[in-house]
Amino acid sequence: MAESCAWLLVLGSVLLCNIVKALLPSVSSFLCRVLQKDAEQETQMRFEIQCMRQELATISMMDEFARYARLERKINKMTDKLKTHVKSRTAQLAKIKWVVNIVFYVLQATLMISLIWKYYADPVTVVPSKWIAPLERLVAFPSGIAGGVGITCWLVVCNKVVALLLQAFG
């Protein structure tokens, strides 16, 4: 029974992997929001800069040059600090997204390799040889059974069909 359902197991695995791949940006964004608390600090810094600029607009440069210059230097310092903060946060977000993608692709490769390993010698299904006559050996790889559809061919076909379907509906 388990051997006869190999095609369904492969199709389900491929479907699951493609759905998760489509959801990766959302998962990455969620993880970034959970792991990042710095956005609140950046918002506070932006608010402070905006307040200081409003205060600077009320100061006469000619009458209160020292105060004007001090506030302008403070604004520049805060702006530089904000830029540095944003750059480091952006780099951290990119790193998180990269790690999530790598972990997903490693898990997907592990799943596909384990399926190929488990069903290496068995055809996923057997069809009449004349249906696949010119490509019979290629389609049967790695099982080598005449008329059989090998796991690698079935994985390729499932991946393409599921990707096309998800693209059409997504």
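**Salt bridges and overall form of a predicted chain**

Glu42 and Arg46 both sit in helix H2 (residues 38-58), 4 residues apart, which is about one turn of the helix. Their side chains meet in a salt bridge, 3.8 Å from N to O. The model is predicted. The protein chain has 5 helices and 2 strands, and its radius of gyration is 29 Å, well over the 15 Å that the globule rule gives for 170 residues, so the chain is more spread out than a compact globule.

**Salt bridges**

- The whole structure contains 4 salt bridges.
- Side chains of opposite charge can pair when their charged atoms come close.
- Glu42 also forms a salt bridge with Arg89, with the closest N and O atoms 2.6 Å apart. This pair links distant parts of the chain, since Glu42 is in helix H2 and Arg89 is in helix H3 (residues 65-118), 47 residues apart.
- Arg46 is partly exposed, with a relative accessible area of 43%.
- Another salt bridge joins Glu55 and Arg67, whose closest N and O atoms are 3.3 Å apart. Glu55 lies in helix H2 and Arg67 in helix H3, so this pair ties together parts that are 12 residues apart in sequence.
- Glu55 is partly exposed at 34% relative accessible area, and Arg67 is partly exposed at 36%.

**Aromatic pair**

- The search of the whole structure finds 1 aromatic pair. Phe104 and Tyr105 form it in an edge-to-face arrangement, 5.1 Å centre to centre and with 70° between the planes.
- Phe104 counts as buried at 9% relative accessibility, whereas Tyr105 is partly exposed at 40%.

**Annotated transmembrane regions**

- An unreviewed UniProt entry places the feature "transmembrane region" at residues 6-24, 98-120 and 140-166.
- Residues 98-120 are 91% helix and 0% strand, and the end C-alpha atoms of this span lie 32 Å apart.
- Residues 140-166 are 63% helix and 7% strand, with end C-alpha atoms 27 Å apart.

**Chain as a whole**

- Along the sequence, the protein chain follows the pattern α-α-α-β-α-β-α.
- Taken along the principal axes, the C-alpha atoms fill a box of roughly 95 × 25 × 25 Å.
- Of the 170 residues in the protein chain, 29% are buried.
- The protein chain exposes about 12,000 Å², of which carbon and sulfur atoms supply 67%.
- Among contacts between residues at least 6 apart in sequence, 65% join residues at least 24 apart.

Notes
Residues are numbered from 1 along each chain as its sequence is written. This is a predicted model: local features need pLDDT of at least 70, side-chain atom pairs count only at pLDDT 80 or more; totals for chains, interfaces and linings use all residues. Side-chain values use heavy atoms; hydrogens and water are left out. UniProt positions are given in the numbering used here, feature names are shortened, and annotations may be inferred rather than shown by experiment. Rings of Phe, Tyr and Trp (its six-membered ring) pair if their centres lie within 6.5 Å; planes under 30 degrees apart count as stacked, over 60 as edge-to-face and the rest as tilted. Buried means under 20% relative accessible area, exposed over 50%, partly exposed in between (1.4 Å probe, protein chains only). The radius of gyration is taken over C-alpha atoms; the globule rule is 2.2 Å times the number of residues to the power 0.38. Contact means heavy atoms within 4.5 Å. Accessible areas come from the Shrake-Rupley method with a 1.4 Å probe; for residues, only the protein chains shown count as cover.
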